[in-house]
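Work through the following exercises with the model open beside you, and try each task before you read its solution.

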Amino acid sequence: MGDPIYILGAGPAGMAAAYRLNQLGFSVVVVEREEKVGGLAKSIQYQGFILDYGPHRFFTKILPVRELWDQVLESEQVTVRRLTRIYYRKQYFQYPIQAWEVLRKVGWWESLHIVLSYLWAQLIPRPAPQNFADWVKGKFGTRLFQMFFEGYTEKLWGIPCTEISADWAAQRIKGLSLGQAIQKALGWNRSLAKSLIDQFQFPRLGSGQLYEKMQEYLLAEGQKVLLNTEVVTLRHRGSQVVELQLRNLQDGSETWVSPSHVISSIPLTVLVQSLRKLPPPQVLQAARNLRFRNTVLVYLIVQGSQLFPDNWLYINDPTVGVGRVTNFANWSPAMLPNQEQTPLCCEYWCNFGDPLWQAPEEELLALAEKELRQIGLLHDQKIYSGFVVRLPRTYPIYTGSYKEDLAILQEYLSQFENLQVVGRYGSFKYNNQDHSLLMGLLAAENILRPGSHNLWQVNSDDDYQEEIKVPSSPLTIQR
Ligand SMILES: Cc1cc2nc3c(=O)[nH]c(=O)nc-3n(C[C@H](O)[C@H](O)[C@H](O)COP(=O)(O)OP(=O)(O)OC[C@H]3O[C@@H](n4cnc5c(N)ncnc54)[C@H](O)[C@@H]3O)c2cc1C
């Protein structure tokens with residue numbers, strides 16, 4: 001048998017690629033720096049609770065991904081009722097927005113303002129939007145932009161909406177938007193976006209169960225999953241990546257291995273800088289120009305049950321730093337060891353140099369508690385304990401010259417015949433799990449039939465990913 005295929009990163013993209021390659025009869029080695037599989041979609045354990053990294057709703061329009069979930073999880077799925085609200089001006093609004101609620105809560109004057117500003121946006125022709133602010137104002141009107149998009153979006157990205165590329169809006173808001181929900185509720189839009197459904201399927205033991213089951217399946221098939229192992233260097237010759245340097249993070253030992261192919265889901269910027277020999281200066285500069293935003297997750301174990309009914313809440317309020325709050329008591333009951341305590345997760349977003357990223361754990365726990373009380377989510381409930389998870393590079397920032405920089409990297413990497421990049425970090429795309437899973441599946445197919453899929457089109461072109469056909473059962477078994 002020849003050299004194995006190396007999969008770098010055991011998040012959704014990497015695990016899907018490994019899972020499908022195994023089905024296709026290839027030998028794979030998954031290399032993951034963390035001690036668990038699942039990447040950003042992993043589940044962690046704390047005092048008997050199973051917790052995810054914030055909310056991980058399983059929803060997809062992509063058939064092969066839906067089939068993959070069912071194939072791997074089988075009966076280990078529960079149906080979760082979806083309830084999500086937005087905190088705005090000291091009030092909680094249903095999401096999708098309900099017309100009666102908007103009218104009652106913002107009043108007739110504000111409602112009139114929304115309608116007039118929406119009509120103005122529709123009637124006055126505008127040039128093609130160059131940034132996020134223009135895109136949203138053009139589609140929904142300035143007032144809706146100010147109310148429901150501006151503050152939240154700037155908190156998430158840390159830059160003004162005028163500096164965020166319009167691509168991000170087009171990619172993420174097109175099918176699911178507050179504006180559309182409001183239009184629908186007010187009777188302006190009859191076609192409810194599919195993603196606004198009120199229930200979804202979810203793994204019984206948290207989002208990470210999907211990837212843990214894939215890992216079990218791979219190990220049972222004799223494949224390798226190397227945890228606590230980091231990819232340090234990729235050595236290349238001509239059009240081939242010929243060697244990988246791996247470092248065991250537990251004992252510091254290093255080894256060189258020879259891959260037949262490499263599927264990488266590690267951050268694109270890191271991958272490019274790990275190549276030897278190093279790429280030309282303009283390629284390295286393009287990699288340095290691409291920026292990601294970090295996430296800090298503050299988990300609190302709170303006294304009581306039924307604190308609030310939502311799966312998660314968006315906090316659209318500039319007086320607090322928290323941007324989203326997940327209530328794991330409203331997901332799968334099997335994630336909770338008791339009914340007397342509720343695990344909450346508060347999301348904060350920041351950059352590497354920000355005080356928040358450096359802040360000690362006790363400070364972050366106190367901040368989250370104070371803010372939850374300030375916005376009325378908590379009253380006199382006791383906080384039993386908590387902990388903090390810092391996630392670097394969670395959101396690729398679509399700003400500045402990112403498109404040109406990305407194009408330089410794409411062009412440079414296209415010379416390597418046995419290297420594919422996939423995933424949210426890996427291809428610098430604001431993917432949900434389903435996009436990353438699809439990229440993994442397609443990368444596997446590309447090894448069987450080279451050049452059959454253009455991975456850069458996933459999550460860029462809706463039609464492409466909805467029409468895509470990936471066989472759900474192996475095409476050929478080579479072993
Ligand atoms: C707070 C939050 C909420 C989200 N909510 C949802 C949701 O509701 N629904 C949804 O579908 N998606 C959601 N997502 C997105 C989802 O988590 C990601 O789309 C998905 O995990 C991306 O998978 P990936 O494999 O592309 O990347 P990742 O999950 O980031 O996996 C990459 C892997 O590479 C590993 N790695 C990095 N560098 C190295 C190295 N040098 N060597 C070895 N390994 C390395 C990392 O440790 C990681 O395991 C959310 C994400 C976050 C952060």
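**Exercise 1.** How many salt bridges does a search of the whole structure find?

Solution. Keep in mind that this is a predicted model, in which the mean pLDDT of the protein chain is 89 and 89% of the residues reach 70 or more. The search of the whole structure finds 14 salt bridges. Side chains of opposite charge can pair when their charged atoms come close.

**Exercise 2.** Find which parts of the chain are tied together by the pair Arg85 and Asp310.

Solution. Begin with the side chains of Arg85 and Asp310, which meet in a salt bridge with an N to O distance of 2.8 Å. Next, locate Arg85 in strand 6 and Asp310 in the loop between strand 15 and strand 16, so the pair ties together parts that are 225 residues apart in sequence. Finally, note that both Arg85 and Asp310 are buried.

**Exercise 3.** Decide whether Arg324 and Glu347, whose side chains meet in a salt bridge, are buried or exposed.

Solution. The salt bridge between Arg324 and Glu347 spans 2.9 Å from N to O, and the pair links strand 17, which holds Arg324, with strand 18, which holds Glu347. Because buried means under 20% relative accessible area, Arg324 is buried at 15%, and Glu347 likewise counts as buried at 3%.

**Exercise 4.** Classify Glu230 and Arg247 by their relative accessibility.

Solution. The side chains of Glu230 and Arg247 meet in a salt bridge at 3.7 Å, N to O. Glu230 counts as buried at 18% relative accessibility, whereas Arg247, at 29%, counts as partly exposed. Both residues belong to a network of salt bridges that also links Arg33 and Glu254.

Technical notes:
Residues numbered from 1 in each chain as written. Predicted model: local features only at pLDDT ≥ 70, side-chain atom pairs only at ≥ 80, totals over all residues. Heavy atoms only, no water. pLDDT = per-residue confidence, 0-100. Salt bridge = Lys/Arg side-chain N within 4 Å of Asp/Glu carboxyl O. Helix = DSSP H or I, 4+ residues; strand = E, 2+ residues; numbered from the N terminus. Buried < 20%, exposed > 50% of the residue type's maximum accessible area, 1.4 Å probe, protein only.
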